[in-house]
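My notes follow in the order I made them.

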Amino acid sequence: MKFIDMVACNMENNYEVLEFSFTDESVKICLDKDKLADTIDYIISRANLNDIRDEVQKLLSTIREDPLNNPWTADTSILTNGKCYRIDPEVFIGNLQQIFDTFSLDRTRYYLKRLKKSTLKIKTGKVNDINLNRWKEYNHVNTDSLWIEKKRSRAGNHMASYWGNFIPQIPQQMMLRFTKQREYVLDTFSGSGTTMIECRRLGRNGVGIELNPEAAKNSRFVVESQENPFDVKTDVIEANSATIDYKKVLDERGIKKVQLIVMHPPYYDIIKFSENGEDLSNAASVDDFLDRMDMIVRNSAPALENGRYMCLVIGDKYTGGEWIPLGFYAMQRILSSGFYKLKSIVVKNFQETKGKRNQKELWRYRALVGGFYLFKHEYIFLFQKE
Ligand SMILES: C[S@@+](CC[C@H](N)C(=O)[O-])C[C@H]1O[C@@H](n2cnc3c(N)ncnc32)[C@H](O)[C@@H]1O
């Protein structure tokens with residue numbers, strides 16, 4: 001059975017398996033939870049520290065010798081019934097080594113009990129499926145405010161050619177941290193459907209709003225062609241995010257609220273997306289752009305569940321010899337709307353756009369002459385609905 005099939009039929013009782021499967025490529029071993037728990041109980045029951053350490057040492061050598069084949073390796077039936085403890089062998093060995101290196105009986109027993117708990121019990125918070133009993137294994141989930149993404153993720157059917165799209169890692173990270181599976185994500189500027197594709201890959205339902213009919217049509221096609229192993233709903237609606245009736249959109253889907261809003265607007269007029277006057281890239285001025293953003297924020301915020309998150313992905317612009325801090329202006333407008341409080345500002349490196357790549361030298365010369373710095377970053381502003 002392919003791993004993806006196993007995850008799909010196993011969703012009900014082993015959600016965390018999925019959280020790792022699409023994002024973390026490291027090799028995993030599948031251990032039989034019950035057998036492992038019995039072994040740990042046996043080790044804990046040893047009378048003294050030396051006996052315990054001997055047993056841990058045996059366990060360590062067995063796993064080190066052949067990580068994929070050991071007495072706790074899960075058989076095929078276990079793989080599909082939620083009794084499989086899927087772990088990177090290096091992490092598992094690290095946990096055992098920590099226990100072995102502990103020289104107090106109480107502490108050793110404490111670590112063993114913790115290992116057993118992390119094997120058997122899932123502890124998640126209110127807004128995601130991250131298993132806090134195994135938090136050390138979530139290296140693929142970013143918690144830093146500086147993101148250096150060297151390259152765009154190639155997984156999924158993304159239209160890399162859509163000028164002005166964001167890298168799939170952005171919606172992916174947002175969903176992993178701020179949604180649970182099967183919850184709803186709203187993208188108010190859907191573009192080429194990057195968020196909707198990631199919704200399918202991560203088992204979240206999604207609604208994307210896109211003004212440009214051609215972009216909406218093309219993205220619908222690409223999103224539909226993305227595998228949908230979790231049978232989630234992902235729709236792209238052609239509409240203006242400032243005026244669309246979100247209550248109707250939610251009612252039609254039989255849901256009360258969405259659990260995450262993703263906003264990746266045009267960065268004012270840096271890229272002109274269409275001739276449509278309602279397109280934010282055709283705003284008459286920076287103030288007009290901000291007024292329109294304000295309308296979209298006020299129109300969409302009631303659709304978001306209280307306590308949940310909204311992220312704004314935006315960059316600054318340079319006009320007439322002046323740096324226009326579009327990101328901070330937009331952030332300020334969002335805070336003034338009264339719906340949200342600011343939770344984080346992430347600075348993310350900026351991949352070169354196709355347009356600028358050829359003119360790299362020219363821009364560097366201009367920067368040296370003009371006394372300014374070239375844009376190499378954009379922002380992800382993270383807000384929580386109060
Ligand atoms: C920066 S792009 C978003 C790209 C998207 N994140 C992706 O990865 O493909 C901004 C998008 O907003 C759309 N747009 C502009 N004004 C809009 C409005 N008022 N309502 C809905 N979409 C709008 C544009 O057509 C464009 O596709």
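**Entry 1: the sheet.** I began with strand 4 (residues 184-187) and strand 5, which pair in the parallel sense over four bridges. Two strands pair if DSSP finds at least two bridges between them. Helices (H or I, at least four residues) and strands (E, at least two) are DSSP runs, numbered from the N terminus. Opposite valine 185 I found glycine 206 in strand 5.

I note that this is a predicted model, in which local features need pLDDT of at least 70 and side-chain atom pairs count only at pLDDT 80 or more, while totals for chains, interfaces and linings use all residues. Residues are numbered from 1 along each chain as its sequence is written.

I then read off the strand order of the open sheet of eight strands: 3-11-12-8-7-4-5-6, with mixed pairing. Strand 3 and strand 6 (234-238) are at the edges with a single partner strand each, so one side of each has no neighbour in the sheet. I also looked up strand 7 (residues 258-263) and strand 8 (residues 304-314), which pair in the parallel sense over five bridges. Leucine 260 has tyrosine 309 in strand 8 as its bridge partner.

**Entry 2: strand 5.** I checked burial in strand 5 (residues 205-210) and found six of its six residues buried. A residue is buried if 20 or more other C-beta atoms lie within 10 Å of its own, exposed if 12 or fewer, and partly exposed in between, with C-beta atoms placed from the backbone. Asn205, Val207 and Ile209 point one way from strand 5, and Gly206, Gly208 and Glu210 point the other way. In a regular strand the side chains alternate between the two faces of the sheet.

**Entry 3: helices 8 and 9.** In helix 8 (residues 169-178), I found nine of its 10 residues buried; among them are Gln172, Gln173 and Arg177. Helix 9 (residues 194-202) is mostly covered too, with nine of its nine residues buried, including Glu198, Arg200 and Arg201. I listed what covers the buried residues of helix 9; the list includes helix 8, strand 4, strand 5, helix 10 (213-225), strand 6 and strand 7. Just after helix 9, glycine 203 takes a positive phi of about 75°.

**Entry 4: helix 4.** Which residues of helix 4 are buried? I found Ile52, Val56, Leu59 and Ile63. They lie on the same side of helix 4, because they cover an arc of only 55° around the axis (the arc of the directions from the helix axis to the C-beta atoms). An α-helix has 3.6 residues a turn, so residues three or four places apart point the same way. The face turned away from the buried side of helix 4 carries the exposed residues Asn50, Asp51, Gln57, Lys58, Ser61 and Glu65.

**Entry 5: the ligand.** I counted 24 residues around the ligand, the closest being Asn165, Phe189, Gly191, Ser192 and Thr194. A residue is near a molecule if its C-beta atom, placed from the backbone, lies within 6 Å of it.

**Entry 6: asparagine 131.** I located asparagine 131 in the loop between helix 7 and strand 3 (146-147). Asparagine 131 counts as partly exposed because it has 19 C-beta neighbours inside 10 Å. From asparagine 131 to lysine 121 I get 8.7 Å, C-alpha to C-alpha, and 10 residues in sequence.

**Entry 7: totals.** The protein chain has 15 helices and 12 strands. Of its 386 residues, 34% count as buried.

Methods
Two residues are in contact if their C-beta atoms, placed from the backbone, lie within 7 Å.
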